[in-house]
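Visitor: Hi, could you walk me through this one? I'd like to start with the inside and then move on to the strands.

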Amino acid sequence: MDNSCRVNFELDFNTDDMQSLQDVFCKTNDMYIMCVGKIHGQITSFSGTKSEEDYVDANFTPELRREILDSFVDGVAENIVERFGTEEFLMYRGVAIRDTHGKLLGVWLCFGLDKTRIPEGKHIPEGLRMTTSEAFEKAISLIETLTRYYFAEKMRSFALRQELSKEKDVEKEIEYRLHKNEIMTDILRHMESDNSFAETSKDIIEESGIYIDCTHTALLQIAEDGISVDLISEWVDAGGESLKDTFSGATTLELPFMNGKPYTISSDATLPEVFEIFFAKNGIKAGIFLPININDSTAMYLCLLSVGKDRKWSVDDLRFANDVKRILHTILVKKITTNSLASSYNALEAILRNAGYGVVVADLNENQMLYTNETFERMFENEIDRIAIEEIIFDKRYDLPELNGYSANGSGKWFDISVNNIKWVDERDVRLITFYDTTDLRIYQKKVEKQAQEDILTGLYNRQACEKDIAMEYHVATTLGKQFAVLMIDLDDFASVNEGLGYQVGDDLLEYIAHSINDISSIKGKCYRVGGDEFAVLVDHENYDNLDFIIKRIMNLFDNPWTLNGQEYYCTISMGCVKAPADITDSSSILTRLNIALHGAKIKGKNRFEYYNEESDVYIAEKVKMEQAMRKAVEEGCKEFEVYYQPIMEFVEGVPTCCGAEALVRWNSPEYGLVLPDQFIPQAERLKLINAIGEHVLIEAAKSCKHWNDFGHPEYKVNVNLSVVQLTQPDILDRINHALQITAIDPKNLTFEVTESLAINEMDRMVKLLEAIRALGCRVALDDFGTGYSSLNYIRSMPIDTIKIDRAFVSDMGSDTFSEAFVKTISELADSLDVDVCVEGVEYDKQVDMIGKFSVNLAQGFFFDKPLPRGEFEGRYLQ
C-alpha cells in the first residue's frame, strides 16, 4: 500500500473545487448534497438559502448522517448506501469518496424530495428543490462517477509532481558538475606549472587555505637526518601572524604530529597532553596534519590550521585536504622523476565536491560586487531574495561577523552568513561574505519537533502528548470534582503478524486500527499511540458516563476481521482501565496503574479487559518499576546507557592486530547497577525504547571511531548492531545519515550488523534497505551467521561486506567436525565473493590456531579482550 499517496489525498481535499462541484450539481439536479471528510469533518458549506438549509437540517438529522457515514467500510467495493426517513417522499443516500486502495476518505451526503410522492395537503415550504426518484437515482450514479474521476486526476497530478521533482534533481546535478569543471581548470593550471616545487606548493596551499576557510596552511619538510624540520611554504589569512618561528628550525620531537600518522583534530576534540600543550602555546584551535610519503618514508607534512577560531572539520574538509596532499605528492614525484601528471586527474575530481557554499566579495565604497561564485548565484536567483541580500551586503552599519538563521522569503530557504573584512588583490578594503544553505537542517529540526508530539505511522498523538493531556485532564477533573478514565490497549501477539505477514501489512493494520478507535464519537482526538502496538484512550470527564459504551465499542471492533488489500486478518486485544481521581494524588501514577491493569489482562490469558486492581501491584510492580526506570533513562537523553567496545582483530601475516571494535551497550542504572543487554534489550524492544537507545549508541560509537581515525588510526572501524525494531522504522536511513552528518565520521569506517534470521525472513525488503545503507558509504555485516536457516544461495544475493560466524561454531571446533567444515565452507565462499569473515567468541589459543587454517581474516572474543569502556579501550589500542 502506498501510504504516501493515501496521506496526500487525505490532505489534498481542495475545498473550493469540492464546493464548486457541489453548487453546480445541486442546482442542475434539483437536490441537496454536502461533503463530509472521515477525518476532517464537514468540508463544504450548504448550497442554498437559509430556509432551505433549515428544512434539510430538520429532516436530515445528525444521527442519520452519522449512520450513513459509519455504514461504509474500508476495502469494500460498496460506494452507495441508501437510508429511509419518516416520510416516503424524502430520499437519503451516501456516496463514498475513496482513495485508489479503497480507503474511505469522506462521503457525499445526498438529500432529495420526490415531488410525485408528496401527499396531498402536505405543506412544503416554497423555494425547495424537488425532483423525481428516477432522476435522483441517476444523479446519485453521476456523482459517484464524477468522484472517482476527480481522485484519478489527483493521482495523475501527484505522479506529475514526482516527475518534476526528479527533473529538478537532475538539473541541480548538471549545475554542480559545471562548477566542478571550473575548479578543475584552476587546479590544473598549477599542476602544469614549470615553477619550482616551493613556488608551486605556495600557490596551491594559499588557494587551499582560502577554499577551506582556515587561517593558516603550511608545508613542512623533514630533513634527511629525520629530526630537523624546514618550512617550505606558508599561507596566513589576512590579519594573522606567521607560524614561521614555530616550524622553522624545529625538530620532529617538538612537533607532536610528526610521527608518520595523519591527524584530524577539531576544536571539540579531547587532546592528548602533548597536543594540548602544543596547541595552547601556538593558539591553535583545530588542525589537519597529513603526512606525504616518498618511498614509504614520511618526507613532508601538509598542515591546515585554524588559529584563534574554533573549527569542526567535516568529512568534505578532510577529503579536500587529502586531495591537496595527493596533488602535492604528485607534483613532488614529477619533479623527482619527471613523469607525466595525467594520473592526477582522478584525484582532482574529488576536490570539487567541496564547493557547497556561496561566496561574495564586495567593495562597499564603490557599492560594487567584485566577485560572486555560481553557488551564490543559484542561492539567490529569486529577484526578491537578491534585492534583500544585497541590502545586507552593502550595509556599512552591519558589522556582525555572523548572521545565523537568515530567511529568504522568495525561495523559502534558510542561510547562515559569515562576514569578514579583508584586503583584495589590489590591496583595497573589501567585504568577504560566505553563505551556507541550512534549509535541510531547518527542515530536519521541524521534522524532529513534529515527531516529538506525533506518531509518524498513524498520525495520532504519541506517548509524550498522552502524558501531557492526562496531567491536564487530572487538573481539570480535580478542580471540578469530576471523574475521568484512561484505557490502555495492547494488540495480542502482534509480533506474529509482522513475522508471518511482513512489516508492511503490520504497519497498515496498526494504521487502520488507530483510525478506527479514534473515529469512535466519544473518543475523537483522544486516542494515542504510546508504543509499537500499544494505544491509550483518554475518556475525559465530559464523556465519563459513556465509559462502558466506549469499552464495548472498542472490544467489538476486534470481533470481526480487518480487511487489508482484499485479505482478512484477525487480531485480539488486551485492555486495562484506570478511573481517576479516586485515591490518586498525582497524575503521573495513572500510567503506572494502567500498565499494571494491562499486564493483569495479559497474564490472565489475553483477549480480555481488566480494571486496575491493587492486588496486582506486588505481582507486577518490580517489572513495571524497571520499565519505568528504563523509560526515564531514555527520556533523560540515554546518559545511563554506556557504550563498551570489544576489539576486532585482523590477522596481518598471521599476527592479530586491532582494526576496530564492536560497540556494545550496557545500562549503568543508579537503581539496578550495571545491567547486561540480555536483561533489558528485550524489554526495550517491546517498549520501542530501542530506537532512542540505538540512536544514542550509534552516535556515541561514531564519535569514538572518528576520534580514533583522527588520532593516528584512520583504518579503525566500528560495528554497530541494528535491532529488528530499528530496521522497521521508516526513517532509519534518515537517522543513519543524521549520525554521519553530526559526527563527520568517514562512512566506510561505520559497519552495521544485522542478524541472519531478520535478513532472510524479509529478504526483498532487507536487500533494498541494506543496499541503501551501503549507498550512504557504510558497510554491512551479517551477524550470528549459522544460527538461522539460510541457504548459501541467499548469501550470494545479500549486499554485505562481512559475515560474522556465530560463537557456537567456534566453541565446537576441535570436537565437532561439522563446525569445522561449516567454518571452512563459509570462509571459502566469502573469499570467492570478496567478503570478509569474522569469527565470534574466540576464547582459547587452540581456536586461534584452527581458524588460522581457513580464509578467516577477522576475529573477536575474550581471548583477545573483553568489552571495554571507551577510556580503557583507547588506553590499550590508541597508541
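Guide: Happy to. The largest cavity has a volume of about 50 Å³, where a cavity is a set of points on a 1 Å grid over the protein atoms alone where a 1.4 Å probe fits but cannot get out. A volume here is the space filled by probe spheres set on the points, which are joined across faces, edges and corners. This is a predicted model, in which local features need pLDDT of at least 70, side-chain atom pairs count only at pLDDT 80 or more, and totals for chains, interfaces and linings use all residues. Residues are numbered from 1 along each chain as its sequence is written, and side-chain values use heavy atoms, with hydrogens and water left out.

Visitor: How many cavities of 30 Å³ or more are there?

Guide: The structure holds 3.

Visitor: And which residues line the largest cavity?

Guide: The lining is made by Asp 74, Gly 75, His 101, Gly 102, Lys 103, Tyr 512, Thr 563, Leu 564 and Asn 565; lining residues have an atom within 4 Å of a point. They divide into 2 nonpolar, 5 polar and 2 charged. Asp, Glu, Lys and Arg count as charged, Ala, Val, Leu, Ile, Met, Phe, Trp, Tyr, Cys and Pro as nonpolar, and the others, Gly among them, as polar.

Visitor: On to the strands. What is the order in the open sheet that has β1 in it?

Guide: That sheet has 5 strands in the order β2-β1-β5-β4-β3, with antiparallel pairing. Strands are DSSP runs of E with at least two residues, numbered from the N terminus, and two of them pair if DSSP finds at least two bridges between them.

Visitor: Why do β2 and β3 count as edges?

Guide: β2 (41–42) and β3 (80–84) each have a single partner strand, so one side of each is left without a neighbour in the sheet.

Visitor: How many bridges join β4 to β5?

Guide: There are 9, between residues 90–98 of β4 and 104–113 of β5. In that pairing, Leu 90 stands opposite Leu 113.

Visitor: New topic: where does Pro 670 sit?

Guide: Pro 670 is in the loop between β25 (655–669) and β26 (673–675).

Visitor: Buried or exposed?

Guide: Pro 670 counts as exposed because its relative accessibility is 72%, and the cut-off for exposed is over 50% relative accessible area with a 1.4 Å probe, protein chains only. Its C-alpha atom is separated by 9.9 Å from that of Ala 633, 37 residues apart along the chain.

Conventions. 1 Å grid on protein atoms, 1.4 Å probe; cavity = no way out; pocket = protein on both sides within 12 Å on 5 of 7 lines; lining within 4 Å. Helix = DSSP H or I, 4+ residues; strand = E, 2+ residues; numbered from the N terminus. Buried < 20%, exposed > 50% of the residue type's maximum accessible area, 1.4 Å probe, protein only.
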